[in-house]
Amino acid sequence: MKDRPAADSPPAIRTLQNLADAAGVSRATASRALNNNPRIAIATREKIQSLAARHGYLINRRARDLRLKRSSVVSVVFMLDIRSKQHMSDLFFLDMLGAIADALAARDYDLLLAHAPVIDAAQLANSRAMLQSDGVIFIGQERQHEQLNLLADAGRPIVVWGHPVPDKRYVVIGGDNFAGGKQAACHLIETGRRRIAFFGNISNPENAARYAGYREALAEGGVAYDASLHFEVPFSMERARESITTLLSDRGDFDAVVCISDVVALATISAAQRQGLSVPGDIAVTGYDDIGLASYSSPTLTTVRQGISTAGEELVNTLLKMIDGERPVDTMLSTELVIRESTAGLADTDNP
């Protein structure tokens, strides 16, 4: 004859309701905690997850998705600049993709990557990226503002990494591009530079805001604006280096450069050194993004840090709120100027 369990033994945890009862929370709270929903306090999440682990309780993911009519998949679409032959190998894209993937994995979501260059975002309406996922994260707006509005109007949850523009109907998460461009230019002015060029295409909202910040810094610093010091160099490192090498052969009338990205900045340093110029002696250089290579170049790169890890978290959290039926608002993340050797001597840097 089998022994009977003691009368005061806790019930076995076989269902989500069992788990919720054992933890003293609602079924919805237990479900959200198991899925790492950021709306549930960390202590509560850890308590419920620990309880589930001790009792061997596993989420029936397929049943959950069928019940909620979801796929537990989020698509990521990179809005590559077609004219500049921008590519997924851009280190900023890779860093951002890693941050998003980590944030999704922590919430038990899979990632579907749309890696082909997008000519018309509206064409994605019937694509796998839209139809086989619960929502879509777009990295960059490029020149696709109206097309993104059309996708948002269709009712699918979408979040865009970009810059707020008038009449948009989609949610934007982004860095403060205006402040970042201004920070870089102000720093160069403070180091005594007066002929400050700007390298990069400004046709998309993010880069246009950085350029506007650069121009305001010049005005406030008493430095005359010269439109001829804006150069639309390519995005890819090799093509940018070739273009800038030619430029430096023809023009030697600037002593500093605000670059639209770290990739362009690293290409600028390489091109300057090819021409026998010293960085920062002859030309000071700032970048934007603070990718991993920025602190390993020679000289190390002064840059505007966006906080890519935080950006990935914000993008995922915002999209999941939309999937849950909420209406989140735009979020602008602060930027930080990281001073290194490309604008100052080693003794003057904040980050040796």
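**Salt bridges and confidence**

Analyst: E216 counts as partly exposed because its relative accessibility is 30%; buried means under 20% relative accessible area, exposed over 50%, and partly exposed in between (1.4 Å probe, protein chains only). This is a predicted model, in which local features need pLDDT of at least 70, side-chain atom pairs count only at pLDDT 80 or more, and totals for chains, interfaces and linings use all residues. Residues are numbered from 1 along each chain as its sequence is written, and side-chain values use heavy atoms, with hydrogens and water left out.

User: With which residue does E216 form a salt bridge?

Analyst: A salt bridge is a side-chain nitrogen of Lys or Arg within 4 Å of a carboxyl oxygen of Asp or Glu. Here E216 pairs with K182, and the closest N and O atoms are 2.9 Å apart. The pair links distant parts of the chain, 34 residues apart: E216 lies in helix α9 (residues 205-220) and K182 in helix α8 (residues 177-190). Helices are DSSP runs (H or I, at least four residues), numbered from the N terminus. K182, at 19% relative accessibility, counts as buried.

User: How many salt bridges does a search of the whole structure find?

Analyst: The search finds 12. Among them, R251 and D253 have their closest N and O atoms 3.0 Å apart.

User: How is confidence read?

Analyst: pLDDT is the predictor's confidence in each residue, from 0 to 100. The chain averages 84, and 85% of the residues score at least 70. Over residues 1-7, pLDDT stays under 50. Where pLDDT is low, the predicted coordinates should not be read in detail.

Conventions
Contact means heavy atoms within 4.5 Å. Helices (H or I, at least four residues) and strands (E, at least two) are DSSP runs, numbered from the N terminus.
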